[in-house]
Each structure stands twice: as structure tokens, then as C-alpha cells.
Amino acid sequence: FFLFCGTNAITTFFALFAQEVLGKNTGEATIMTTLFAVCSAVAAIPAGKMGKKLGRKKTILIGLVVFMAVFLLYVFTRSMAIIWLALILGGAANMFITVNTLPLVLEIGGIDKVGTFTGYYYTATFSAQIASPILYGFVRMFSGSYISLFYYSPVAFAIAIIMLLFVKHGEAVPDDVVKAAQEEND
């Protein structure tokens, strides 16, 4: 839930942030959010391979830490170069998180509970899509500026990291184990 609260706030409110804080027009703000999306798309396949090699949990944690770091770096520097870096690295980090979350959840449930755990996953992600704009709306209302987006998302990611540290299962099965099991069945 918190993984997606952080990213949904960014994808929902970044264009408004770019207009209010950075002084960008609608077209420029759209180009900035498009860069985030393009970097996400480019990182999707490497993120899956990284999850298989390093482990899904570690890859998700790396994505969360990178996302938090670049957003907090912007808060302290307010540099345009850093905002572009945040969009590029944040987009890639977004895929480290997203690509590995569903397989992690499904592996936790096992083959017998794929449907149930898919339901849990989508309930959490859709709930975050509903709740995050409302939660961030309250934060924005009291903060007075869209710069609070760069506080809200790292806090959501920090909570996600804490929750993820309690996950004990769900890693990808190494290729050699899969191959040995297939040979055993043959």
C-alpha cells in the first residue's frame, strides 16, 4: 500500500508541482512527467532481471532508497539539475519497485493461492490510488505548497521500507534449483 502511495502521489501531482514551484507551463510539466514514464519503461526489463539476480526484496528496497534519496536531495538543493535527476532515477526506481512487487506477493502465497494473493495485491494498489491523492491533498492543504510532495513520498517510502523488512518470503527461485526440479520430474 505505502509503496504505491508514494508513487501515485508523484504521478498525480507532479505536473501541478512543476507549474507552481518550478514555474513551468502545462506543456513543460507534461514533458517532465513523460521523462519519468519513459525512464520507468526503459528500466522495466532490467528491474525484473535485477530482482531475479539480487532478490526481489533487495531490488524493491534499492528502488525505494534511490527514490527517497533523489527526492530528498531536491528538497535540500532546490536545483533544476537535481529535479531532472529525480525524474530519471525516480522513474527507474519506480520499476525496481513495481516490477518486483507482484511476483514477491505471488511467491509468498504459493501456487495454490495465486488468485487470492493477486486480489490482495490489487486491493492494496487500488486502495493506494484512491487514498494517496486524498492523503496528499490534506498534506498539501496544510503545507501550502506542492513542495510537500517531496516530503510526502519519501515518508510513504520509509513506511514501505519498514513494512518490507518484515517480509520473510517471496524471493525468486534460482535458475539452477528450477532446472534441478525439472530434471527430477523428467
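## Basis and overall fold

Helices (H or I, at least four residues) and strands (E, at least two) are taken as DSSP runs, numbered from the N terminus, and by this assignment T7 lies in helix α1. The model is a predicted one, in which local features need pLDDT of at least 70 and side-chain atom pairs count only at pLDDT 80 or more, while totals for chains, interfaces and linings use all residues. Residues are numbered from 1 along each chain as its sequence is written, and side-chain values use heavy atoms, with hydrogens and water left out.

The protein chain holds seven helices and zero strands, giving the pattern α-α-α-α-α-α-α along the sequence. Its C-alpha trace spans about 65 × 30 × 25 Å along the principal axes. Of the 186 residues, 41% count as buried, a term that means under 20% relative accessible area, with exposed meaning over 50% and partly exposed in between (1.4 Å probe, protein chains only). Where contact means heavy atoms within 4.5 Å, residues 24 or more positions apart account for 78% of the contacts with a separation of 6 or more.

Helix α1 covers residues 2-20, and its 19 residues should span 27 Å at 1.5 Å a residue, which agrees with the 26 Å between its end C-alpha atoms; the expected span is 1.5 Å times one less than the number of residues.

T7 is buried because its relative accessible area is 6%, and T7 touches F67, N94 and F157, not counting residues up to four places away in sequence.

## The largest pocket

A pocket is an open set of points on a 1 Å grid over the protein atoms alone, where a 1.4 Å probe fits, with protein on both sides within 12 Å along at least five of seven lines, and its lining residues have an atom within 4 Å of a point. The largest pocket has a volume of about 380 Å³, and of the 19 residues that line this pocket, the closest to its centre are F1, L3, T101, V105 and L164. Helices α1, α4, α5 and α6 each give two or more residues to the lining, with the largest share, five residues, coming from α5.

Technical notes. Points joined across faces, edges and corners; volume = space filled by probe spheres on them.
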